[in-house]
Amino acid sequence: VTVWDVLTWLTVAVLGPGVLVICVAVARDVRRLLGGGQR
Amino acid sequence: MDRHVTQFLRPVDLAVVAAYLASMIVIGVLLAGRVKAYRDFFLAGRSLTTPILVCTLVSSYYGLDSLLGDSGDASREGVVVWFTYGRPYTIALLLTGLLLARRLAGRDALSLADLLGQHYGRPTQLAAAIASFLYALPVLAIMGLAAIGEAMFGLPLWLGACLGSAVSVAYVAMGGAWADVLTDTAQFAIMCVSLAVALPFILGAVGGFAGVRATLGEAAFAPLGSAPPLYTAAYALTAVSVLVEPLFYQRMLAARDTAAIRNAFLVGLLVWGAYDWATTSVGMAGGAMMATGVLPADTPRDQVLLRLVPLYLPVGLSGLFLGGCLAAAMSTVDSYFLVAAGNLVYDIYRPLVRRNLDDRQLIRYTRVAMLASAAVCVVLGVYFERIKEAWAFMATILTSTLLVPTLASLFLPGRPVPLAGALASWGGLLAVLLFYAVMHVWGAPDLDLETRRMDAVGLTLLREYALFAAVPVSALGYAVGGVLGRRP
């Protein structure tokens, strides 16, 4: 295992699962801001 | 038509792309009725949170030039693209998120030009708006869309440029900044996830980094590369433009608060870094394939990635990846059209021609200005062969015109001096135009570096050195204006 391999695993983790977590947070914020999720 | 791409596309791939385009339009339609005030239209009601800012900053700032351009450079030069060319931008982005964002807190402006106009007055706002408008025209991204249209569907370049512009303008013109940032979120997800999925397939096809090293040699893994240090340093200095990037100011002014901006840049840096490494490593894999004959040795560098994808990605994922290419381009195009149209209407037309425009008129005029900007882009894109040169010119104009007055307005204490802002901005702008004109008239083509050069008083000047002359002129203008214009 080289430093390049580790960098690549981190990259896939950020661009895959990491990005999807951010998008879920966006969906939550948008629902709140645009009125759909207001209590 | 590019048969390397189209012959592997299946109906399901095309359906994925069509679904993506349709969903962008639907978002615009759904949000069209929500926009009433101009601040809602242009700044999404100043309510953007950290996650929303991450998506819109990353997807808008990174377009096809990052995806196809950087992977093409990496296929030739290796990891230097990630280390030496990319990381100076990390420093500039960090400074923007940590320092500039704090200084913008509480400012009631709509754009960078508006910010400078409030500080220095109308002449500075006008120079800033002209520079910002020229820079914000997304000519490169439009040409990228045209190239994808040609590669995927065999469309003529002009038609691809028109269709790409039309779709991008349509949803932002309907829904304004909200449509822009929401489509940016979808585009952010598609462009990042598609690259994350493609990376293992493409890297695995050449035997990982061991295979790349065996083919391209140790030189491909030298972080500083093999280019002359001055050339590398000049390239790294282009990162300064981040500090006056109009898109970042528009987004920061639309943010809910300073903490949201800071956190968005910190998270965004991780994503930008990862995206850069993904493009660098797939580019290196492409370079290895060119060296071993899997790809033709004469493959244009900026098409390496497009050629690899249909060869190594399964059915459906190829469509996802091409959707990711479209997303990367369109997220840039829509955001910059909004910024350019805002410059035209709010920063140029309104102060000069009609000061009493109400919100409905401002929104209507901005929509028209987006269409006009798109038309200018298509014409520039179709008729200018060397788009990268045009972009370098625009970026030089932006930095030379705005860097000194912007940083001075945000960081220097004391009362603003209108003459200092005016001389700094117009001085920088005119210095760039003069430098380019001199190089055009008295310079000679440099075929190796694909630019113009001129030998004078024992120095070799390249056209790219305009920044080194124009920024000092701008700083001098600021100093002179500060002395002459100070009120007793």
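How many cavities of 30 Å³ or more does the structure hold? It holds one, and the legends below visit it along with other spots. This is a predicted model in which local features need pLDDT of at least 70 and side-chain atom pairs count only at pLDDT 80 or more, while totals for chains, interfaces and linings use all residues. Residues are numbered from 1 along each chain as written, chains are lettered from A, and side-chain values use heavy atoms, without hydrogens and water.

**View 1. The largest cavity.** Its volume is about 40 Å³; a cavity is a set of points on a 1 Å grid over the protein atoms alone where a 1.4 Å probe fits but cannot get out, and lining residues have an atom within 4 Å of a point. Among the lining residues are B:S111, B:S132, B:P246 and B:N343. The lining divides into four nonpolar, four polar and no charged residues.

**View 2. A:L15 in the largest nonpolar core.** This core has 161 residues, and A:L15 and B:Y275 are among those with the most contacts inside it. Such a core joins buried Ala, Val, Leu, Ile, Met, Phe, Trp, Tyr and Cys residues through side-chain atoms within 4.5 Å. Beyond its neighbours within four places in sequence, A:L15 is in contact (heavy atoms within 4.5 Å) with residues including B:C192, B:V271 and B:A278.

**View 3. B:G63 in a loop.** Look for B:G63 between α4 (50-61) and α5 (64-77) of chain B. B:G63 counts as buried because its relative accessibility is 2%, where buried means under 20% relative accessible area (1.4 Å probe, protein chains only). Leaving out residues up to four places away in sequence, B:G63 touches B:A328 and B:T332.

Note on methods:
Buried means under 20% relative accessible area, exposed over 50%, partly exposed in between (1.4 Å probe, protein chains only). On a 1 Å grid over the protein atoms alone, a cavity is a set of points where a 1.4 Å probe fits but cannot get out, and a pocket is an open set with protein on both sides within 12 Å along at least five of seven lines; lining residues have an atom within 4 Å of a point. Grid points are joined across faces, edges and corners, and a volume is the space filled by probe spheres set on the points. Ala, Val, Leu, Ile, Met, Phe, Trp, Tyr, Cys and Pro count as nonpolar, Asp, Glu, Lys and Arg as charged, and the others, Gly among them, as polar. Helices (H or I, at least four residues) and strands (E, at least two) are DSSP runs, numbered from the N terminus.
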